[in-house]
Amino acid sequence: MIQMEYYLIVSTIMMFAGIYGFFTRRNLLAMLISVELILNSVDINFVVFNRFLFPGQLEGFFFSLFAIGISAAETAVAIAIIINIYRNMRNIQVKNLDKMKW
Amino acid sequence: MDYSAIFSYMYTETALIGVMVAAFLYDLIAGKKGRRFFHPFVCTLMLLFIAGTIVPYHRESAEIFGGMYVYNPVFGIVKSILATGTLIVFLQADSWLRREDTEFKRGEFYVLTLSTLIGMDFMISAGHFMMFFIGMELASVPMACLVAFDKYRNNSAEAGAKYILSALFASGLMLYGISFLYGTTGTLYFDDMTAKMEGSPLQILAMVFFFSGLGFKISLVPFHLWTADTYQGAPTSVTSYLSVISKGAAAFTLMAILVKVFAPMVQYWQMLLYIIIILSITIANIFAIRQKDLKRFLAFSSISQAGYIMLAVISGTPYGMTSLIFYVLVYMVANLAAFGVISAVEQNSGGKVCMDDWNGLYRTNPKLALTMTLALFSLAGIPPFAGFFSKFFIFAAAFEQGFHVLVFIALINTVISLYYYLLVVKAMFINKSDSPIASFRSDCSTRIGLALCLAGVLVLGIASSVYDGINMFTFGL
């Protein structure tokens, strides 16, 4: 059987790839995808901990289900706002969001 | 289980859901004529709701849904303070909602605002991390819609994008922390988790990640970068809601969780807070001095106020809890008064929120200028007003626990903050202007809202029964 550590390595890589992407991407949708990577890594963590460390209970599974649902709602709102920005200025590059600074 | 517990202990949330559904149905059903009474209808409902829930029904705490939801009289007090603030925001938002481009969206504003309030109530009463997370997201997702409410003004959409992306990022980090808490303790219930906390390095890492999620909501300094932009771009009424209600709820929840769940790791989170308080107060003060836009200026002021609120959290005592609730109450009336004046001037002068435009406001609108001055004095903490007493209790709570240097640094920063609060007062009273903002009469609803805030600023500090009333309930925590 695959050890728990291997799953955790995958989820940690996903987490930090998400953080790296969030800071370096210059497109709003790409930033959103990076955040989704972070949220998915969390789901992996919950499921793996539940499966390997506490197999008698279901709390982690439930939490990951709720986290998936809520992150979908958040993504919907974020995409609605991004579409609105696209309608206002015809592109979604971060460098155009500079009306307010400092 | 006994379903009557939903009504006897969860009455705040149940009633609030009722108010929200009523507002939604009114929006659907009412015709053109009926819509004119939409605002009085919602305000009356909120007033009834506050009157019905202001005093906690039960004196003892209780748990329902197997410990997922916790009832406590202190939580009831905090919830009624938040509901009062929401009512004041509704009163002040009316003149903005009456504008032609927002009139048809009026119902959305009420429903979204009420649903964020429900989310905060659940977040405060949570006894399980899933409940806490759902409450927090229920508060922050509709909040993003509210920030982007004026969607055809570029600034509002930009502010919304900045808010939702930072909120997603912060909640991702927080979830990552919670996942490690689950991995090390094997439970997500607050009560069971405390027993298994031993302060291992992984748990400290988890605590820091968890803290970043709530630190984002309270906008403490390393997580504050969204604050100024969002506050400036959002509609003024939404900004005032964001700066007071959302921040107060998150600050209280943070204290409740740190004291309850992370009790065995007290020296670690006190060290964390120690650094964050100094950073928040100092950096926000330095940035506030150079602001010209009043909403942006109040954003930085609210970051530094959040730092002061954390002084109560760091003490970790029931006394600190009382002073935190009292501080949130006083900060709420003062900040809502300031934002109410800004909103009134903005609506009646075609969007003037720059400090230079406000020169000579005293000559044309003396009452508004006076209200703004009293609110700013209260925020700065000048003695006869409520702000002085709330700051005093906060400092006393931290001092009692031996944070002498920290209180000293906070005191120095109070003097700095006095400088930039007085800059606005100087602009209104002393600076001359060739074309000051024309004299106007604000509408009835705004005036009621401002009068309520002003009464709070003047009375809350002197009427000691308010503080005693809060203290009576926090003692048992």
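In chain B, helix α18(B) is followed by Gly402(B), whose phi is positive, near 90 degrees; helices here are DSSP runs of H or I of at least four residues, numbered from the N terminus. The model is a predicted one, in which local features need pLDDT of at least 70 and side-chain atom pairs count only at pLDDT 80 or more, whereas totals for chains, interfaces and linings use all residues. Residues are numbered from 1 along each chain as its sequence is written, and chains are lettered from A and ligands numbered from 1 in the order in which they are written.

Helix α18 of chain B comprises 15 residues (386-400), which at 1.5 Å a residue should span 21 Å, the expected span being 1.5 Å times one less than the number of residues; the end C-alpha atoms of α18(B) are 21 Å apart, in agreement with this value.

The axes of α15(B) and α18(B), taken as lines fitted to C-alpha atoms over the stretch in contact, with angles from 0 to 180 degrees between N-to-C directions, come within 9 Å and cross at roughly 155 degrees. The two helices α15(B) and α18(B) are therefore roughly antiparallel, a term that applies to angles over 145 degrees. Residues of α15(B), including Phe326(B), Tyr327(B) and Val330(B), meet residues of α18(B), among them Phe393(B), Ile394(B) and Ala397(B), contact being defined by C-beta atoms, placed from the backbone, that lie within 7 Å. By class, this contact has 10 nonpolar, four polar and one charged residues, where Ala, Val, Leu, Ile, Met, Phe, Trp, Tyr, Cys and Pro count as nonpolar, Asp, Glu, Lys and Arg as charged, and the others, Gly among them, as polar.

Note on methods. Angles under 35 degrees count as roughly parallel, over 145 as roughly antiparallel, 65 to 115 as roughly perpendicular and the rest as oblique. Two residues are in contact if their C-beta atoms, placed from the backbone, lie within 7 Å.
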